[in-house]
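Please have the sequence and the model open while reading.

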Amino acid sequence: MKVASWGGLTPLPHTVRALSRAELHRADKPLGRGIAFGMGRSYGDVCLNPGGVLWQTTGLDGFIAFDEQTGRLCCEAGVLLKDIQRLLMPRGWALAVTPGTQFVTVGGAIANDVHGKNHHVAGSFGDHVSAIRLLRTDGEVIDCGPEQATDWFRATVGGLGLTGLITLVELQLQPVRSVWLNVETCVYHNLNEFFALSAQAEKEFAYSVSWVDCLAGQQGRGVFIKANHSPPIAADSCPPLPSSGGALRNVPFTPPFSLINKLSLRCFNQLYFHANQRKKSQQIQHYTSFFYPLDNVQHWNRLYGRRGFYQYQCVIPPADGALALKQMLDVIARADEGSFLSVLKTFGSRTAPGMLSFPMPGVTLALDFPNRQQRTQRLFAQLDGIVSECGGRLYPAKDARMPRRLFAAGYPELSAFLAYRDPGIQSALARRLID
Amino acid sequence: MGSLLLDRLLVNIKGHDVSELSKIIVIGANSAIAVHCMRLWLAKAPAEIVLVGRNVERLQAVAADLRVRNPAVVLRVLSGDFTQTDSIADLAGQAWGTQPAAIVLLAQGVLPPQQDCQSDLAVCRAVLDVNAVSAALFAEAFAAKMEAAGAGTLAVLGSVAGDRGRQSNYIYGAAKGLMERYVQGLQHRFAGTAIKVVLLKPGPTDTPMTAAFKQQGMKLAPVADVAEQIVRAINQGVAVAYVPGKWRLIMMIIRHLPRIVFNRMRI
């Protein structure tokens with residue numbers, strides 16, 4: 001069947017093999033060659049293997065044990081972040097790190113070592129993984145963690161699924177007092193203000209993130225959001241609970257062309273910026289609205305039309321942060337391209353747990369661009385130049401096009417990583433950037 | 001796996017008064033559809049669930065999952081041979097015990113490729129034994145117990161495949177068809193009583209049983225959605241539920257196709 005990832009670029013034929021618990025325990029049925037595929041929420045080709053096999057992991061969705069005292073959760077790798085949050089947050093435990101969608105598997109979160117709005121205090125997803133069981137395609141089983149087989153652990157966290165199939169994991173959750181967050185919002189008018197707000201927020205808030213208006217040119221105005229977990233609140237003062245029936249809105253079909261274009265974007269950005277200027281700056285939000293606002297629009301990726309879209313996410317080391325960002329925003333404005341979801345956030349200083357983990361100290365900018373072929377590629381080449389000049393890197397989970405040398409330059413531990421690569425695992429990204 | 005909590009798999013949750021919980025018996029509790037139904041029941045309220053199946057190791061994994069989801073659940077795991085009459089009678093007796101069950105769900109099933117059923121009579125027999133004979137025997141055993149208790153809902157997982165024999169899966173279809181006729185009779189027997197008999201007919205659903213279809217690119221319904229509709233149908237006590245509902249219409253058309261047309265189709 002034809003499969004595309006979340007970016008919705010050309011769907012290509014794959015053989016999809018659903019994995020089951022029973023099957024993994026049978027030594028007589030080896031995995032063969034392929035790559036793990038969970039929810040297909042990575043944007044580029046890290047989860048794809050055109051012409052080959054995808055091992056669908058969503059059937060491996062069993063919990064194994066949970067210790068209510070310590071917050072240790074043991075589960076299969078196909079469990080969704082959504083199920084962990086929904087089940088355990090009302091019981092006082094939440095994922096210590098969560099990305100912007102809860103429709104991803106635990107295995108995928110580890111393989112891409114995803115991060116969230118609290119990177120400055122909590123690091124990335126892999127920082128809260130205490131054990132991983134890895135099944136190699138030759139049948140070998142390797143248990144690894146921050147205290148055992150640490151080299152395998154460092155290769156597997158952020159290892160893009162290439163070190164073996166992650167079958168079981170143990171996570172350390174964080175204690176929370178309610179399902180609510182106290183959220184504060186304000187606008188900023190330039191990047192200096194952004195950096196000042198970030199520095200301040202990192203001291204006082206667990207979560208911080210910002211939306212940047214990339215059509216405003218190099219000055220970089222935007223909306224800054226910071227939050228802390230809230231203590232329990234009385235039932236009568238709760239905002240209405242979000243509906244439990246899944247997505248509130250849906251994009252029912254893929255339009256022939258992108259609905260996100262310069263015109264719609266300019267309107268949106270103006271409205272969003274000014275709405276936030278006037279909005280009440282403090283509010284209580286349910287965790288789903290705060291962490292996963294886009295999950296409310298099912299299939300939002302379809303808005304980009306049949307050609308799909310690219311996401312471009314880089315991290316720039318702190319020394320060059322402000323200057324490089326200005327240059328990038330300038331290049332984007334000049335190219336007359338706009339990004340709908342432009343997210344700007346500072347990372348904390350902690351060393352990432354994986355050899356190929358994306359986060360590193362600095363500032364990260366994430367941008368979405370409708371696929372306009374040559375035009376988009378030209379813009380990316382310019383952005384690559386800025387990133388590479390200041391020693392930054394791109395995020396493989398979001399990438400479908402970075403050149404090999406940029407990957408190699410951004411990930412100096414790549415050659416060490418290769419010793420842990422499972423030769424039976426194939427992916428489009430591995431063919432493009434590694435093999 | 002060292003630090004992992006796997007050793008907790010077998011720890012029983014104690015200290016709950018079992019008699020206050022509603023009791024559910026699930027035969028074929030390793031079935032993905034059954035697992036999702038149990039998750040939904042436990043998301044609403046704790047219950048006493050008896051898991052009956054053929055593979056005890058996998059049943060324990062299911063039990064561990066349910067225990068994380070609702071620590072107040074009371075679980076019992078029973079395993080045995082579904083091809084032996086005595087074993088079936090014994091399992092039903094142990095599962096029922098002295099406490100009547102509010103719901104009994106029969107979810108056991110095997111679905112090898114049709115070609116294997118045609119080329120190997122042993123495979124053919126296993127399909128008939130598990131899907132039809134064992135299901136009917138379990139149902140009969142529980143029917144007697146429900147009759148004595150005067151209440152209960154017996155839910156049977158049939159299939160759209162039972163609606164009309166087709167070249168692609170008629171052995172499986174024949175077994176599921178047997179269950180339809182069986183349930184019809186049981187519904188007739190219990191008409192006007194407090195005992196409900198529900199026949200559920202899922203269309204192709206995304207479970208390990210249908211992994212081969214998925215590989216061929218068949219569109220399969222998400223198992224969580226199918227389970228949700230099954231739980232609703234059981235609550236309402238409807239006689240026959242197609243899940244998803246569109247299969248009622250599709251199968252009505254397939255059942256009514258004239259043979260001359262039907263026989264030309266490769267379905």
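Where is the kink in helix 5 of chain B centred? It is centred on Asp129(B), and the kink is about 40°. Note that this is a predicted model.

Helix 5 of chain B covers residues 121–149, 29 residues in total. From first C-alpha to last, helix 5 reaches 40 Å, close to the 42 Å expected at 1.5 Å a residue.

Both ends of this helix have a feature to check. Just after the helix comes Gly150(B), with a positive phi of about 80°.

Now the interface. Chain B puts 23 residues in contact with 28 residues of chain A. The area buried between the two chains is about 2,200 Å², and carbon and sulfur atoms give 61% of that area. Across the interface, 4 residue pairs are in polar contact, both residues at pLDDT 80 or more.

Three elements of chain B each give two or more residues to the side that touches chain A: helix 1 (32–44), helix 2 (56–69) and helix 7 (211–215). Helix 2 gives the most, with 7 residues. The make-up of that side, by class, is as follows.

| Class on the chain B side | Count |
|---|---|
| Nonpolar | 12 residues |
| Polar | 5 residues |

The rule finds 1 salt bridge between the chains. Asp61(A) pairs with Arg39(B) in a salt bridge, with the closest N and O atoms 2.8 Å apart.

Methods:
Residues are numbered from 1 along each chain as its sequence is written. Chains are lettered from A and ligands numbered from 1 in the order in which they are written. This is a predicted model: local features need pLDDT of at least 70, side-chain atom pairs count only at pLDDT 80 or more; totals for chains, interfaces and linings use all residues. Side-chain values use heavy atoms; hydrogens and water are left out. Contact means heavy atoms within 4.5 Å. Buried area is the accessible area (1.4 Å probe) that two parts lose on being put together, summed over both. A salt bridge is a side-chain nitrogen of Lys or Arg within 4 Å of a carboxyl oxygen of Asp or Glu. A polar contact is a pair of N or O atoms within 3.5 Å; within protein, one must be able to donate a hydrogen and the other to accept it, and residues adjacent in sequence count only if both atoms are side-chain atoms. Helices (H or I, at least four residues) and strands (E, at least two) are DSSP runs, numbered from the N terminus. Ala, Val, Leu, Ile, Met, Phe, Trp, Tyr, Cys and Pro count as nonpolar, Asp, Glu, Lys and Arg as charged, and the others, Gly among them, as polar. The expected span of a helix is 1.5 Å times one less than its number of residues. The bend at a residue is the angle between axes fitted to the seven residues ending there and the seven starting there.
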